[in-house]
Structure formats: C-alpha cells, structure tokens
Amino acid sequence: MNDTFRRETILIACFPILALLFLVTGAATRAYHAKQAGLAREWYGKGRAALARGKVGEAIQDLHAAFVYSHGDAAYELDLAKALISAHRTEEARTYLMALRDRDPENGPVNLELARLAAERGDAGEAVRYFHSAIYGLWPERPEEQRRAAWLELYHFLMSRGQRSEALAELMALAVELPPDPVLQTQVGDLFLQAKDYERALHQYEGALRLEPNHEPALRGAGEAAFNLGDYRQAERYLRRALRLERHDSEAAQRLELAQAVLDVDPFDPLLPPAERRQRVVRAFDQSLARLVKCAHDRRQSLQPGQGSLALLYAEAETMRAEVRHPQLERRPARLSAVMNLVFQMETATTEACGPPSGLDEAITLAASKHLAP
Amino acid sequence: MAAPQIHRETHRVPQAIPGVEPSRRTGRWVAAASRLLTLGEGNLFLLLAVIIGLFSGLAVVLFRIAIDWTHWWFLGSSLAPFRTRLVLAPVVGGLAVAALVMRVFPRVRGSGVNQTKAAVYIYDGYIPFNTVFGKFIACALAIGSGQSLGPEDPSLQIGAGIASALGRRLRLSRERVRLIAPVGAAAGLSAAFNAPISAILFVIEEVIGRWSAGVLGAIVLSAVSSVVIVRGFLGAEPLFRIPPFRLVHAAELLAYAVLGIVGGFASLVFVRLVGPLRPRLKALPRWSQYFQPAAAGLLIGVIGLWLPQVMGAGYESIDEAMHGHYSWRMLAVLGAFKILATSLSFSSGAPGGMFAPTLFIGAMVGGAVGGIEHLLFPSLTAPVGAYALVGMGTLFAGFLRAPMTSVFMVLEVSGNYSIILPVLISNTLAYLISRRYQAVPLFDLLARQDGVDLPSMEEQREEPALRVEDAMRKAPALVLRGEETVASALAKGAGLASGRFLVSLPNGEWSYVTKQDLERQAASSAGGNLTPLSRLVSETRLPYFHPDQPLDVALRRLGDCPEAPVVHRADFRKLQGVISLVDILRAYGVSPSALTTQERWS
C-alpha cells in the first residue's frame with residue numbers, strides 16, 4: 001500500500017467495519033428489546049393474576065419486574081402504583097404516580113389516582129386540583145364515562161368534607177356536559193335531590209323525562225323533588241305516573257298518599273269553593289289543637305296560662321276558637337292566614353315537644369308551612 | 001509489558017509519491033489529490049476521535065446487553081430470584097471469571113482507570129486489544145452473575161483499548177498515541193454513564209490531569225459520538241429516574257452538610273475496607289486466586305438471600321431509593337452491605353468497576369441521612385429522593401476523589417441547576433474528610449498495590465508550583481531607557497561597578513549594553529555621545545518574564561541569556577526584578593557549587 005494514503009485508507013476501512021458493527025448491534029438490540037418486552041408482558045400477566053388471586057405482595061413484585069423490563073411503560077407503572085395503594089404503600093405509589101404525571105401531565109387515570117391519594121391524606125386543595133386534571137385529562141378507554149365518574153367522585157369528596165356549594169358547582173358543571181341519556185340525567189338529578197337542591201333536581205328529572213317520558217326513576221325523582229318544593233299537585237302527578245309503571249314502589253306510594261293528603265287539607269288552594277276552604281281551616285285547627293292537647297297530656301304538662309309555649313298556644317287557640325267557626329271566615333283572607341298561622345305554630349310546637357307529626361298532622365304542617373313559613 | 005514500536009515522526013503531507021516517476025501533469029494532479037484527501041495530524045486526530053466514539057458506543061451497547069443477558073441466564077428475570085440461584089450464580093460466575101482472568105486475560109484484573117493511566121504514562125498509549133475482549137467477557141460474566149461491581153470502569157477501558165488499537169494501526173506519533181487512550185476512555189465512560197460531561201471531566205481530572213486544548217476537542221467529540229450511539233440503540237432514558245429536586249428551606253443546607261460529613265466517613269470506611277483487603281487476598285497462594293471470586297460470590301449470594309439489591313450494578317435499587325421506596329433503616333442497611341459486598345468482589349480479583357457501587361452506596365447513605373432528617377424536621381427538608389441524588393455525588397467525591405466530576409455528574413444526571421448548592425456543600429465536606437483521614441486517593445492506592453507509581457492527579461493538582469517571583473532578585477539600581485543618549489547613560493553609570501546594563505526599549509522589549517560599548521561609542525566620533533541607546537544596543541533581545549509565571553517556564557525559555565528582566569504585566573517597561581539560571585537553580589534547591597561539581601564530574 002502507498003504510504004501517502006495509508007492512514008486515509010485505514011480510516012476509510014473503518015467505515016465498512018462500523019457499518020457491520022452497526023448491523024450486529026442493531027440485531028442484538030432488537031433481540032434485547034424483544035426479550036425485555038416479552039419479560040415485561042410475562043411479569044405483567046403474572047402480576048395481574050396475582051392481583052386477581054388477592055396476593056397483593058406477589059403482584060407488586062411481579063408488576064415491578066414488568067415495569068423494570070418495560071422501561072417505564074405507563075400502563076404497567078400505573079397498575080404497579082394501584083397495587084401499592086391496595087397494599088397501603090401509598091408513599092411509594094405516589095412517587096410512581098408523580099413520575100408518570102411528570103411525563104404525561106394530562107393522563108386522566110394517573111391524575112385520578114393522585115387525587116384519591118391526596119383526598120386520603122386530607123389535602124383537599126391538591127385533591128381538587130388532581131380531580132380537575134383527571135376530569136379534563138386524557139383517558140385511554142371510554143373517556144366520557146371515566147370523566148363523569150371522576151367528576152362524581154370529586155362531588156362526593158367535596159360533599160363528604162361539607163363543601164356543599166363547591167360540590168353543587170361541580171355537579172352543575174357535570175350536568176351541562178351530560179349526554180342525552182335519561183339514566184345519566186336521572187343519576188345527576190338524584191344527587192341534586194340528595195343535596196336538597198330540589199329545583200335543579202326537578203329540572204334534571206324533567207330533562208330525563210323529555211328524553212324518555214316513561215322513565216320510572218325520573219318520574220319518582222321528579223315527584224320527590226316537586227314534593228320537596230311544595231308543589232304537591234305536580235308531585236302527585238309524577239308519583240302517580242311512576243306508580244303506574246312500578247306498582248310495588250312503597251316509598252313512592254307513601255309519598256303519593258302524603259301529597260294527596262296535603263292537597264286534601266290545603267285551605268289555600270285558589271280553586272277551592274269558600275265553604276270547602278272554611279271547612280278545611282276548621283279541620284286543620286281542630287286537628288292541631290287536639291294534637292297539642294294530647295301532647296301536653298302525654299308530657300303531663302299543664303295547659304293553664306303561663307305554663308310554657310304549649311299553654312300559651314292553647315290559650316291563643318281558645319281565644320280564636322269562636323272566630324274559626326265564624327261563617328264568614330273564608331271571606332276574610334287575613335283572618336284565614338292568622339288561623340292557619342296559629343295552626344302552623346301549634347304543629348311546630350307540638351313537634352318540638354312530642355316528635356314529628358304523622359298522617360293528617362304532617363299534611364297540615366306541610367300545607368301550612370308552604371304558605372306561611374318564612 | 002513490551003511497548004509496541006511507535007512512529008516518532010509526525011505525519012506530513014508529501015508533495016509527490018516516492019518511487020513513482022509520473023509525468024509532470026500527472027504529478028500535479030496526484031499532488032493536488034493528495035493534498036485534498038490526506039489529513040493533517042490534527043484533523044486526523046479529531047476524525048479519529050469521532051470514529052473511536054462510534055466504535056466505543058457500539059461496544060458499550062453490546063456490553064450492556066451482554067451483562068443483562070448474562071444476568072437473566074444466571075439469576076433469571078425475576079427481581080426476587082430463587083434462593084439457590086442467588087447463592088450459586090455468583091459462585092459459578094466467580095469460578096468462570098477466575099479461570100478467564102488467570103488463564104486467558106490476565107490484564108483484565110484491576111482498575112480500568114489505572115490501566116488507562118498506565119497506558120498513558122508508562123506504555124506509550126499501548127493497551128493490548130485482547131484486554132478489550134477480556135474486559136467485555138469477564139466483566140459481563142462477573143456483573144451478570146451478581147458480583148457487586150459496575151460496568152462503567154470496564155466500559156472506560158474498552159473505549160481506551162479500542163482507541164489505542166486504532167491509534168497504533170494508524171501509526172500516529174508517540175504523543176498522539178499516548179493521548180488517544182484517554183480519548184477512548186472518555187467515549188467508553190460517557191456511553192456507560194449516558195452522561196458525556198461527567199465522562200469528559202473525569203478523564204481530564206483523573207486520567208490526563210490537565211486541561212489541554214489539543215486533546216479536549218477530541219475527548220468531547222468522542223464522548224458525544226458514543227453517547228449518541230448509546231441513546232440511539234438503547235434509548236435516551238437515564239440509568240435511573242431522577243426525582244424532582246427543590247430546596248425546601250435555606251436551613252436545609254445544614255442537612256446537606258450533615259450528609260457531606262456522613263458521606264465522607266462512609267467513603268473512608270469503604271476505602272479502609274478495599275485498601276487492606278485487596279493486597280491481603282492478592283498475597284495468598286496463586287491457586288487460591290482461582291477460587292477467590294467464587295468465595296466472594298458465595299458471601300455476596302448469602303447477603304443476597306436477604307438483600308438481593310446489593311448484587312450486580314444495582315441501578316434499579318438506586319432508582320427505588322431516589323423515589324422513596326425504602327425506609328431509612330433499609331437504606332442504611334443496603335449502604336452498609338453494599339460496601340461489604342463491593343469490597344469482597346473487587347478485592348477478590350473479579351473484574352468490574354467501582355463507579356456503580358459508589359453511586360449505589362451514595363444513594364443509600366444519602367437516602368438514609370435524608371430519611372432521618374425528614375423524620376426530625378419534616379417541614380424543613382425535602383423528600384428522601386433529593387438526598388439520595390446528592391448522596392451519589394457525595395460518595396463520588398469522597399471515595400473516588402474526583403470533586404469536579406462529582407459535582408457535574410449530579411448536575412448532569414439531574415438536569416436541575418438548583419441542586420448545585422447542596423451538592424457543592426456536601427461533596428466538598430466529603431472530599432475534605434476523605435483527604436484528611438486518607439492521604440492516598442483510592443486509584444493511587446490501587447496502583448501502588450499493583451507495583452506501579454502512576455502520577456497522582458490529586459498530588460499534581462495540589463503540589464505548590466514555584467514561580468518566577470520565588471527566584472528573582474531585586475531590580476538593579478540602574479536601568480537604562482532606549483531613548484537616552486550614550487552621554488546620559490555614561491553619566492548615570494559612572495560610579496557603578498557593573499559592566500552591563502539592562503535597556504528598556506520603547507516597544508516594550510528589553511536588551512542590554514555594556515560599559516565598554518558606551519565608552520567605545522562615545523570615543524568613536526564627535527557626535528557619538530548623542531547617539532540614542534536604542535541604536536546602540538545589542539541586536540539580541542532578552543526574554544522577559546512576569547512574576548507569576550511558573551519557574552519551569554523561565555528555565556526553558558532563559559536559554560543562554562545570563563540575566564533576564566522580570567516585568568510588570570500591565571507595563572512591560574516597568575522592571576520588577578531580574579532572574580538568572582543561578583537564581584532558578586537556587587530556588588530549586590541546587591547550589592551553584594554543586595552544579596560546578598557536577599559539570600566537573602561529567
């Protein structure tokens with residue numbers, strides 16, 4: 001070989017050797033990665049099986065192996081974190097989840113797990129932040145369903161902490177995002193109902209009924225919401241329809257009975273004939289006075305003047321007794337209200353002293369409270 | 001070891017091809033092509049650095065795959081291998097490794113760093129190529145079977161061996177061949193660590209010992225190209241996942257200072273265990289060396305029954321420590337047993353490196369210290385992971401005594417600049433403690449145990465250098481200026497005994513003039529008195545020095561000059577002293593009379 005080009009020739013000769021070595025290394029690396037991927041799958045399968053058998057410790061070890069061989073596969077890491085959580089190794093789980101979140105901040109399942117851990121620690125601020133990241137994050141499977149579930153979990157978390165207004169705000173936001181599905185609308189309506197937001201509950205049920213007019217849970221919920229709003233006529237209508245679809249719903253049947261009773265005793269119904277109105281007032285007055293007397297008797301409490309609130313109301317009722325039976329009472333709305341106000345006060349005081357009313361007394365209380373309560 | 005024959009002449013581009021008589025036109029074409037295609041030594045060196053980086057990167061990729069495959073073969077793929085495997089694998093691996101080391105590859109025993117240094121300083125850059133194969137096979141067997149060693153040091157030597165072989169094949173100059181081994185070492189280490197900056201710094205700090213522009217470019221190129229290869233084939237993920245770092249409170253720096261102190265003493269324990277154990281085991285009969293790695297393997301296997309994390313390089317466990325998967329007690333136990341296991345493995349002669357075990361111990365010690373501090377002051381300290389990360393650098397500084405590399409390594413792997421203060425504090429304390437109680441650094445200790453006195457980079461760094469100001473004498477009473485006339489100079493020097501005067505010239509240069517020259521010029525003609533000195537002085541220009549320059553520079557540049565001026569750096573005409581050969585020798589402790597005796601003797 002000529003000396004001039006000796007070095008250059010050797011250098012040039014390096015390139016085919018390098019190319020060959022590249023091929024060999026490439027083949028070795030492919031085989032290596034395939035082996036690692038195979039090991040990862042194998043250990044993942046074993047880990048899942050161990051989890052299914054309830055052997056959490058074994059599952060953690062296997063899932064950890066899967067995670068090591070997969071070089072940080074997010075699905076394996078998430079399952080490992082979940083297994084650690086189920087073994088109450090929450091700090092370890094958190095480090096895996098945080099690492100996952102660092103790599104993929106919008107990962108819905110990871111954020112949800114972090115939210116749960118934060119909720120468990122009692123760190124409400126962080127929990128809410130992670131819940132929101134989960135709700136607005138990316139989900140690999142059934143994203144809408146998973147987001148709704150996360151939203152509902154956030155709602156329950158806030159309710160459990162007594163943050164009712166924040167919880168309802170989340171529920172309202174969820175309600176806006178709901179698809180046209182009567183079941184989902186009804187579920188959200190139920191939550192509003194539980195949270196005593198009857199107006200929104202009724203609105204939600206009505207939305208469900210617009211989608212499916214004979215959706216029994218929605219009818220029952222709407223009846224309950226309307227009842228709690230004091231709209232006994234609408235409640236009666238919904239509950240009757242609900243019972244037509246589900247005859248054995250004893251709870252709805254009781255509610256319907258009560259609603260009908262309220263409608264039957266309510267003297268403020270504008271469509272009532274005057275005689276009927278007076279009759280209802282008298283009946284309510286007599287019923288509540290009798291309950292008051294019975295309560296005082298049961299408590300061995302004297303109804304002589306100056307002997308407590310029951311005695312005071314009793315004295316007032318005695319004073320009003322004649323007026324109640326006045327034939328022109330129905331034509332004097334102010335007096336009518338005054339009588340019913342006294343009825344309401346007597347029922348309230350009796351309830352305080354002797355427990356909640358039932359039957360006709362409950363109906364009278366509801367009817368009176370609807371019109372007179374502050 | 002017989003060093004190979006090395007071409008001493010640097011490569012030059014020939015203008016014509018010897019032995020060929022081409023026509024004139026063909027000759028011109030060949031010369032032009034030759035100029036175009038041939039590379040100067042400097043450019044060739046840089047291109048070679050890239051090629052070395054590529055080769056080293058590919059070799060390290062295969063090496064890492066080989067280690068993992070050996071591990072699966074010996075210990076299986078489970079993270080909690082069967083008990084029999086845990087005990088038997090390192091024993092069987094140890095027997096195989098010992099046979100290879102004793103029979104086939106005797107040079108693979110020992111530290112790759114020291115062997116690379118020996119190549120640079122003793123064997124003119126020569127590392128036998130079969131050492132590359134030997135390190136590859138024996139280390140893959142040892143580490144894969146569970147010996148408590150790491151792949152970085154062997155990777156460094158694999159890179160250095162490849163570089164040395166290429167350098168020799170290309171018949172580079174002796175100087176270049178010497179420097180090519182560190183270039184390969186940087187490539188190998190960079191590929192193993194997946195951290196080029198740390199590898200470059202380590203090679204400069206620990207192998208070469210000085211910054212040199214000539215070799216720095218080549219080292220950078222080789223380190224970067226090897227990392228590119230490794231990342232291309234094995235992915236860009238670091239060896240372990242790095243936890244987020246944040247300094248919780250300024251007072252937390254005290255906690256890192258405590259880590260530095262604990263890390264410093266842990267380093268001492270480690271050195272004090274490896275230091276005496278290795279020569280003792282080496283001194284045992286030769287036949288026993290066939291069984292020493294197996295015996296060490298057996299002990300490590302027994303430890304592995306309870307603590308399998310101490311086996312092998314242990315990157316997964318470092319990862320887990322940094323993510324808070326262990327309690328502080330477990331971290332402390334793992335750190336302590338890793339020190340024991342690594343000391344056994346390394347001292348038994350099993351080939352492999354100390355880098356990964358050092359990082360492991362550092363992470364465990366750091367995590368344990370952090371865990372305790374976090375228990376005591378939860379609101380003032382960061383989670384355990386941050387301390388494990390800083391702890392790795394701390395042990396690196398204390399045990400391997402590479403302070404700069406230790407700082408940059410943590411910075412590089414964490415990618416977080418805010419970690420710098422804790423790392424600086426912790427590493428410095430560990431380094432100072434280690435230096436205070438262990439005079440000889442580990443690599444120097446190992447070299448001396450092997451009967452080689454390699455230059456100690458730490459000693460070199462810290463050896464007080466003599467400077468010109470240590471040898472110079474006071475400036476003479478009379479210094480003439482070039483603008484002065486002969487008459488003025490004669491008047492000034494009239495009462496002086498000295499026959500020679502320094503002359504400061506207007507352009508900042510210095511020369512001299514003798515009294516006889518002045519008198520001769522004054523007597524030569526009527527106007528001779530008025531001649532400016534700058535026209536009269538000798539054509540010789542004196543070398544001049546600055547007070548802070550190293551004395552050996554002055555010695556080399558003084559030449560035949562009897563006396564040279566020492567001038568101010570900002571004003572070259574301002575004389576601060578003079579220096580002569582006698583002054584320099586006196587500063588070096590040689591008396592002029594001794595010099596005379598030597599001259600006579602020679």
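Predicted model: local features only at pLDDT ≥ 70, side-chain atom pairs only at ≥ 80, totals over all residues.
Me: Why is Glu113(A) called buried?

Reply: Glu113(A) has a relative accessible area of 9%, and buried means under 20% (exposed is over 50%, partly exposed lies in between, with a 1.4 Å probe and protein chains only), so the label applies. Residues are numbered from 1 along each chain as its sequence is written, chains are lettered from A and ligands numbered from 1 in the order in which they are written, and side-chain values use heavy atoms, with hydrogens and water left out.

Me: What makes the pair of Arg116(A) and Glu113(A) a salt bridge?

Reply: The N to O distance between their side chains is 3.1 Å, and a salt bridge requires a side-chain nitrogen of Lys or Arg within 4 Å of a carboxyl oxygen of Asp or Glu, so the pair qualifies. Arg116(A) and Glu113(A) are three residues apart in helix α5 (residues 108-121) of chain A, which means that about one helical turn separates them. Arg116(A), at 33% relative accessible area, is partly exposed.

Me: How do you know that the salt bridge of Arg48(A) with Asp79(A) links distant parts of the chain?

Reply: The closest N and O atoms of this pair are 2.5 Å apart, yet Arg48(A) belongs to helix α1 (residues 6-52) of chain A and Asp79(A) to helix α3 (residues 74-86) of chain A, 31 residues apart. Helices here are DSSP runs of H or I with at least four residues, strands being runs of E with at least two, numbered from the N terminus. Asp79(A), at 11% relative accessibility, counts as buried, while Arg48(A), at 42%, is partly exposed.

Me: What joins chain B to chain A, and how many salt bridges are counted between them?

Reply: Contact means heavy atoms within 4.5 Å, and 42 residues of chain B are in contact with 39 residues of chain A. The two chains bury about 3,800 Å² between them, 71% of it on carbon and sulfur atoms, where buried area is the accessible area (1.4 Å probe) that two parts lose on being put together, summed over both. In chain B, Trp72(B), Leu79(B) and Phe233(B) lose the most area to chain A, together 15% of what that side buries.
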